[in-house]
Amino acid sequence: MKLTPEPNGIAPCGQPSKLRQMSERTLRLYDTMTRQVKPLELIEPGCLRFYSCGPTVYSYAHIGNFRTFLTADLVIRTAEAIGWTVKYVSNITDVGHLTQDDVADAGGEDKMASALKSKEGEQFNNVWELAEYYEDAFREDWARLNLREPFVRPRATQHMREQIVAAEQLIEQGYAYETPTGVYFSVDSFKGYGKLSGNTQENLRKAVREVVLDDNKKEQADFALWKKDDKHLMQWYSPFGWGFPGWHLECSVMARMYLGDTLDLHAGGEDLVFPHHECEIAQSEALTGKPFSNHWIHTRFLQVNGEKMSKRTGNFYTVRSLLEKGADPLAIRYALISGIYTKPLNFTDQGLSDAMGNIERFKRSDAAVAAALENGGDGPDTIGVALDELYEQALDAMTNDLNTSVALAKALEGTRVIQREAESLSKASGESGKRYLDRINALLGIVRPEREVAGPAVVTPASKVDEARIQALIDERAAAKKAKNFARADEIRKELDAEGIELRDSPEGTNWVVKTAL
Ligand code: AMP
Ligand code: ZN
């Protein structure tokens, strides 16, 4: 079987949307390879072929993982907003990702196998069940945080044949060799090894440490395409005997299979620059003789309360652990995208609370606009021009290396424009308001949930609060303040505070948020 996509190694993009018009805009992103912000240059105008490394499904994905996936999501939304069609592939790693993965040729145990042996792993009959469970949980979290679905989400275990064929081809072409422990890619055989990370041949000895003790390896940095292991929990028969593929191989093979020989853009978290992406480049370019990806982006790590997230210290949050504490999924999303992806982001209690407050503003604007559409008068549209301008500014910020801080600030300014006239919006203003919120939601995904999520509902305290009562108390407090009865106003604030409702005063009135504690 010939695996090279024909005739030109490019997978078809699919039908561009008839409704969308390509704008003059382009999308500029920081490229890790050339170390500069530059416009994405598409192989085929209007079609972005995009691969982003997905999760290893050995436990619940944490919010750091989601920060990285959200960067990819924002690329897709921005690309669509300027009229491009996006062909997006993001994989599921369910075999071969070893615990010591910071070196070229990883060592240690398969993360899937070690998870099965852990306390949480006891509930599963086997590693396949464990993988399925965490993949399902991951997909739910993904949907809750409003991430766009990829066109395909291929699993490593479903592409075994293609990985074995790729390893065979690399041996045939002189890039790989077999030893008693596996099949290794010879980094010396590929001239460009190190071009993404700077871990070049000269620097390699500093950048790697020996993990796999195999005297037959030609170089320490040579990395496994196939591990021979007839004791491994997940194993397949290959021309090299029983075993499993090296982690890096799946992405090379699946990216090529679904998107073609050359991608427009490849993404991941900062830890993937080396070794994962460096090794993907070596394998792919050795196989095809063509550039693997024309652009590379990497998201800097998320920290929690100023520290590295770590299961050991308990400084570790998953989407569901935050939902259980009462956070709105859209607020989690908001907090995770509030900082620019090229800078590290610190996730804090305060950041999440602020995000909750901001999400409330969008919800209230949405409700005001819906009310205007239903009951608004025949007056003129008084907000459309200002809102269109703010949307354009938010989009400009996003096309300029995904500047989410500016884009979110512009988006929020729009809610102020709507709220200022909330009580008196005409139908025409309601239409402009709706158009604005629809477009902001398409661009940033923070106004409303985009789809229903199957699976166990998370009961949040937010869903238990009595909104009408809170509003009545806020109105009573405003009246008390007006009558200079500050004691009563204070009492109301304290009463709500004790129930976990925080009041926030602003020139447009008083908002409330459900308080969260990390
Ligand atoms: P994994 O499930 O370990 O394969 O990781 C999935 C993705 O999450 C990869 O792109 C990682 O680079 C990324 N990632 C892991 N930890 C963090 C973090 N703390 N902040 C941002 N991204 C992360
Ligand atoms: Zn990958």
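**Close-up 1. The largest cavity holds about 90 Å³ of space.** This is a predicted model, in which local features need pLDDT of at least 70, side-chain atom pairs count only at pLDDT 80 or more, and totals for chains, interfaces and linings use all residues. Residues are numbered from 1 along each chain as its sequence is written, chains are lettered from A and ligands numbered from 1 in the order in which they are written, and side-chain values use heavy atoms, with hydrogens and water left out. A cavity is a set of points, on a 1 Å grid over the protein atoms alone, where a 1.4 Å probe fits but cannot get out, and lining residues have an atom within 4 Å of a point. A volume is the space filled by probe spheres set on the points, which are joined across faces, edges and corners. Among the lining residues here you will find L98, D105, K227, F244 and W247. Strand β9 (223-228) and helix α6 each give two or more residues to this lining; helices (H or I, at least four residues) and strands (E, at least two) are DSSP runs, numbered from the N terminus.

**Close-up 2. The second largest cavity has a volume of about 70 Å³.** Where does this cavity lie? Domain 1 (28-299) and domain 2 (304-444) both give residues to its lining, so the second largest cavity lies between them. The domain bounds come from an automatic or database domain assignment. Helix α1 provides the largest share of the lining, 4 residues, and the lining includes R67, L74, I337 and Y341.

**Close-up 3. The largest pocket contains about 1200 Å³ of space.** A pocket is an open set of points with protein on both sides within 12 Å along at least five of seven lines. Of its 37 lining residues, H62, N65, K111, D271 and F301 are closest to the centre.

**Close-up 4. Four residues hold the zinc ion (ligand 2).** C53 (SG), C251 (SG), H276 (NE2) and E280 (OE) coordinate the zinc ion at 2.1 to 2.5 Å. Donors are N, O and S atoms within 2.8 Å of the metal (3.2 Å for Na, K and Ca); water is not among the atoms, so sites may look incomplete. Along the chain, the donors follow the spacing C-x197-C-x24-H-x3-E. C53, in the loop between β3 (47-52) and α1 (63-81), and C251, in helix α6 (residues 247-259), are 198 residues apart and link distant parts of the chain.
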